[in-house]
Amino acid sequence: TGAALVDSSVAYVPRAAAARMALASGDATEVIARIREPLQAPEVAARIARLPRLSGLSLVSWREAAPEVLEAMEVLRVMELIRTAVLFALVGVGIFNTVTMALYERRREFGVLMSIGMSPLAVFYLLVLEVALLAFGGVLIGVGGGIGIVSGWFGKMGINVSTLGARLPGALAGATVIYPLIRPENLLLAGGWVLGISLAVLVVPLYRILRLEPATALRDRP
């Protein structure tokens, strides 16, 4: 397989020889059931174990058969949470910087609007609508690009982890290609976070703009 952990502890023999050693006489020694939701394997295993015709068989889920996979999933989950938090923090800083500079450069524009009778509340709605439209457009482009790249390319071609120097843990050792999947709930959650951050960072610059004196803003040099 190319994986030192597997090749140092696993011996490969012909199927016929393995059947003779297990005295299987052509019968199966192990039956594996694949379910749609892997995390529900213990519940499914418990329901199958209650069937009378399977009372003499040993039934285990992948959590008991390969506990190292569950540990790896938990480690990856924590790493993903940290990475996501850092990523969203960087997104927030970038949006805050862009929005602050854009609003500061439009001080004269807001001064003119307020001087001709536009209320601060109307200015508030205008700015919120602008930022919401920009953020929504960015989310659509990002989600569309993510779906196209993951589903259209990596989902079919896969990612060869061996070329990256990575090794999959335990029961997955020896595998060289993984195929990423997209979950709609993850896309919706990420899009919602981006929209929320975009509106949240608008609070400080918007507060300054609403306290702006029109006469002072009109004296600003372009």
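1. A residue is called buried when its relative accessible area is under 20%, exposed when that value is over 50%, and partly exposed in between, with a 1.4 Å probe and protein chains only. Because its relative accessibility is 56%, Val-93 counts as exposed. Val-93 belongs to helix H5, and its C-alpha atom is separated by 9.8 Å from that of Ser-198, a residue 105 residues apart from it along the chain.

2. The model is predicted, so local features need pLDDT of at least 70 and side-chain atom pairs count only at pLDDT 80 or more, while totals for chains, interfaces and linings use all residues. Residues are numbered from 1 along each chain as its sequence is written, and side-chain values use heavy atoms, with hydrogens and water left out.

3. On the overall architecture, the protein has 10 helices and two strands; these are DSSP runs, numbered from the N terminus, of H or I with at least four residues for helices and of E with at least two for strands. The order from the N terminus is α-α-α-α-α-α-α-β-β-α-α-α. Of the 222 residues in the protein, 18% are buried. Among contacts (heavy atoms within 4.5 Å) with a separation of 6 or more, 66% join residues 24 or more positions apart.

4. A nonpolar core is a set of buried Ala, Val, Leu, Ile, Met, Phe, Trp, Tyr and Cys residues joined through side-chain atoms within 4.5 Å. The largest such core holds 15 residues, and Val-99, Leu-103, Phe-110, Val-123, Leu-127, Leu-202 and Ile-209 have the most contacts inside it. Two or more residues come from each of helix H5 (67-105), helix H6 (107-115), helix H7 (120-157) and helix H9 (203-210). H5 contributes the most, with four residues. Leaving aside residues up to four places away in sequence, Leu-103 touches Phe-110, Leu-127, Leu-202, Pro-205, Leu-206 and Ile-209.

5. Concerning H5 and H9, the two helices pack at an angle of about 15° with their axes 9 Å apart. H5 is therefore roughly parallel to H9, a term for angles under 35 degrees, whereas those over 145 count as roughly antiparallel, 65 to 115 as roughly perpendicular and the rest as oblique. Axes are lines fitted to C-alpha atoms, for helices over the stretch in contact, and angles run from 0 to 180 degrees between N-to-C directions. In this contact, Phe-96, Val-99, Thr-100 and Leu-103 of H5 meet Val-204, Pro-205, Leu-206 and Ile-209 of H9. Its residues comprise seven nonpolar, one polar and no charged, where Ala, Val, Leu, Ile, Met, Phe, Trp, Tyr, Cys and Pro count as nonpolar, Asp, Glu, Lys and Arg as charged, and the others, Gly among them, as polar.

6. As for H7 and H9, their axes come within 10 Å and cross at roughly 150°. H7 is therefore roughly antiparallel to H9. From H7, Pro-120, Val-123, Phe-124, Leu-127 and Val-128 meet Leu-206, Ile-209 and Leu-210 of H9. The residues of this contact are eight nonpolar, no polar and no charged.

7. Because its relative accessibility is 6%, Ser-61 counts as buried. Not counting residues up to four places away in sequence, Ser-61 touches Ala-41, Pro-42 and Ala-45.
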